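Me: I would like to learn how to read a structure one feature at a time. Could you take me through this one slowly?

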Amino acid sequence: MADRTYRAAPADALRIEPLGELTAIFDRRSMQTHLVVAPMPQILDAMGADACNVADLAARLAAAFDLDAAEDARSILAERLAELATMGLVARA
Amino acid sequence: MRHQARIAVGPVQFRIGSDWPEPIAALERLYADYPRDDARPADATVRLFAARPWRRWVRPSVHIGGDFIVPDALPLPLSMGLLAAEMGMNLQVALGWRRHLLLHASAVARDGRALIMSGESGSGKSTLAALLGEQADGGDWRLMGDEFTLIDPVGGDAFAFPRAVSLKNQAIAEVAARVDAARLGPLLAATPKGDIRHLVPRADAIAAMHEPARPALLLFPRFGGETSVERMGEGEAFVRLTEASTNYVALGEAGFAALTRFVRETPAFGISYSDSAAGLALVGQLWAEAAR
Amino acid sequence: MSAVQIFVDLLAGRRDAAALASRDWDGVIGVARSEAMLATLAHRLERAALPAPVAALFADQRAAAKVAQAQALWEAEMARRALAPAGIEFVLLKGAAYAAAGMSCSEGRQIGDLDILVLASDIRRAENELLNAGWEWVKSDPYDDFYYREHMHELPPLIHKTRDRMIDVHHTILPRTHRITPDALLLMSEAVETSSGFRVLNPAAMVCHCAAHMLADGDLQGGLRNLWDLHCLTVGFLKDDPDFYLTLIEEAHRHGLTNVVRRGLRLANSLYGTPLQPYVAPLMSSFEPELADDFYIRRLLARDDWGRVTRPLLEQAFYIRSHWLRMPPAMLAKHLWTKWRKG
């Protein structure tokens, strides 16, 4: 599958509250609450306002996380991005 | 409708209409000592009605309706009209109330601070709250409600919904032994929810029903099994309370803000207990720690 | 004075809310709830002098409606995310369209399912893309499914598996079997874009659809709300264009909806005071009342102050009428027979 490009929800659309081991994300556009664990909040944070594909994201996260075996990390990131898209927290750019 | 009553429980003014006099008479007796303001417009409407006109007399069965209706709800026989009224009132609040975050939880308060207990029916949350509200020694707990606890989205305080407590099965005898019989409703035997008998809260609890209390302790009781106490993280408490709330989604960001604040400020525990005495002891111990 | 009449008068601005007796509010609120218009009334009376408990209840309703509307519009956004990459264009209909276009009737308006219009030639692809994006069939039996696909103007409803919300995908605005057949291609090609980036029907078509939805398509359920939509839309469009009625009648004529639109406007006028503007030139258009109007009005106002429908026989007549309008007689007989047999 092609490396799709996504953009995260604008920062002012989200209210992010860490609750112990979970992070609660409230989306003001959908009025939905999403409960997520790492690395979801980190992915959103790393994307910022830019259009990102998996390769960009892997590069940005490599600094914060010890991303080994590039292929493996990329397929995981692609899955997480698809999940974030299902939640509506990222959209195809 | 032919017969009607107006009852205020906490912040909710009910208008209850019925095709039969009996459920209204039973409600009027049970809620005789609640403050009344008959001129105040109703927040919620409950209707107890016969599906067909002749069903008022022939094998009368009570359908529950009102502002909100559950399409496939089964009717109850007229002898259980009081239960139908109670279910109707709960239904309207659960589906219609928007002023507070509504938690399916019992609550008691002392010194302006609230102990809130959330759980499915059968968890014992209702019985524990009723027993705390009746405790003879140091009985300064105020019963706030056995079914719903209301959280103010702005200030975070808990507000009471002290409807008549719905005692079920074994809890009936346990509580009846401690209270004046005049505070008990009629025994409704073999209802779809088992045996039921209503308990009117103490007069001081009814008088104080508009007073807020600060949430201080959140418990998720489980009746049966070894006594145990387990601290619950903010995340898990949050998830369980969203499931225990009937209007969390409808409140939008106000509900989110109220609930995140609630779980951050209120220590939460899951507790298991084998009988009421053990349950009350656990609650006492955890309250002493939380209230310090 | 019946509660439903007071309710209608309050919406129309013919009655002062401050002059109501405290106990009148029970009936008004009961009727408003059963018409799913309590938040609409709450908006209409936002600046009125109200008893404190009513003011508090109305504030709750306004806040809740705002949340519910955002949730409903999010469905439109998710439909766009599902359909846009495949190049499938769609037009929002009904509640979501009014909200997206910022029409005044959308204040406090309850929005149920998301209704969208796509070109008939796109309908299979739209179905596929939605299924790929997490919508699924509401469980239905094969007869209902067959009936929808063959004879109705929409796919069988789809529901999103995690958000639990329904979408109705239409390819025309009235059933194919209906004796009136509005031109869907025209509606799509002349749609306009809102500032939020969604496409909605152009003003005249929007009013036509609103009237058709209530009078040609339905059994008058929710009639007071539909007429309120019609009233607000018309008043709003008249502000922008004093000759809006000319465009409207022309548009109605194109879709074979002249009588439906005229009746809708007469009913809205009699309930809410919608201005009626007859023309003799360049088009001939009048609003002479018809005998059946009274029948409709009685049906629309058939509620007691507990919110109950008071004329079951009238209701039944309208149910049969609504099926009659949709189906040729032989098909109606077959449909009812199938329904009866299944009990």
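Me: In which sense do strand β12 (residues 188–191) of chain B and β13(B) pair, and over how many bridges?

Reply: Before the case itself, some ground rules: this is a predicted model, in which local features need pLDDT of at least 70 and side-chain atom pairs count only at pLDDT 80 or more, while totals for chains, interfaces and linings use all residues. Residues are numbered from 1 along each chain as its sequence is written, and chains are lettered from A and ligands numbered from 1 in the order in which they are written. Helices (H or I, at least four residues) and strands (E, at least two) are DSSP runs numbered from the N terminus, and two strands pair if DSSP finds at least two bridges between them. Here β12(B) and β13(B) pair in the antiparallel sense over 2 bridges, with B:Thr191 standing opposite B:Gly194 of β13(B). A hairpin of 2 residues joins β12(B) to β13(B).

Me: Which other strand pairs with β13 (residues 194–199) of chain B?

Reply: Strand β11 (residues 165–168) of chain B does, again in the antiparallel sense, over 4 bridges.

Me: How should I read a whole sheet, and what is the order of the open sheet of 5 strands in chain B?

Reply: In a regular strand the side chains alternate between the two faces of the sheet. The open sheet in chain B runs in the order β1-β2-β3-β4-β5, with mixed pairing. Because β1 (3–9) and β5 (76–77) of chain B each have a single partner strand, they stand at the edges, and one side of each is left without a neighbour in the sheet. The partner of β1(B) in one pairing is β2 (residues 12–18) of chain B, joined in the antiparallel sense over 7 bridges, and within that pair B:Ile7 stands opposite B:Phe14. Helix α2 (residues 81–96) of chain B packs on this sheet and touches β2, β3 (44–49), β4 (61–66) and β5 of chain B, its direction making about 145° with that of β3(B). Such angles run from 0 to 180 degrees between N-to-C directions, and the axes are lines fitted to C-alpha atoms, for helices over the stretch in contact.

Me: At what angle do helix α10 (residues 223–240) and helix α12 (residues 258–272) of chain C pack?

Reply: They pack at about 95°, with their axes 9 Å apart. Angles under 35 degrees count as roughly parallel, over 145 as roughly antiparallel, 65 to 115 as roughly perpendicular and the rest as oblique, so α10(C) is roughly perpendicular to α12(C). Two residues are in contact if their C-beta atoms, placed from the backbone, lie within 7 Å, and among those making this contact are C:Leu227 and C:Trp228 of α10(C) and C:Leu271 and C:Tyr272 of α12(C). In the classes used here, Ala, Val, Leu, Ile, Met, Phe, Trp, Tyr, Cys and Pro count as nonpolar, Asp, Glu, Lys and Arg as charged, and the others, Gly among them, as polar. The residues of this contact divide into 8 nonpolar, 3 polar and no charged.

Me: How many residues does each of chains A and B give to their contact?

Reply: Chain A gives 12 residues and chain B gives 10. On the side of chain A, β2 (14–19), β3 (22–27) and β4 (32–36) each supply at least two residues, and that side has 6 nonpolar, 2 polar and 4 charged residues.

Me: What pattern does chain A follow along its sequence?

Reply: Chain A has 3 helices and 6 strands, and their pattern is β-β-β-β-α-β-α-α-β. Look also at the peptide bond from A:Ala38 to A:Pro39, which is cis, with omega near 5°; A:Pro39 is found in the loop between β4 and α1 (40–47) of chain A.

Me: Is B:Asp111 buried or exposed?

Reply: A residue is buried if 20 or more other C-beta atoms lie within 10 Å of its own, exposed if 12 or fewer, and partly exposed in between, with C-beta atoms placed from the backbone. B:Asp111 has 10 C-beta neighbours inside 10 Å, so it counts as exposed. Its phi is near 50°, a positive value in a residue other than glycine, and B:Asp111 is placed in the loop between β6 (101–110) and β7 (113–118) of chain B.
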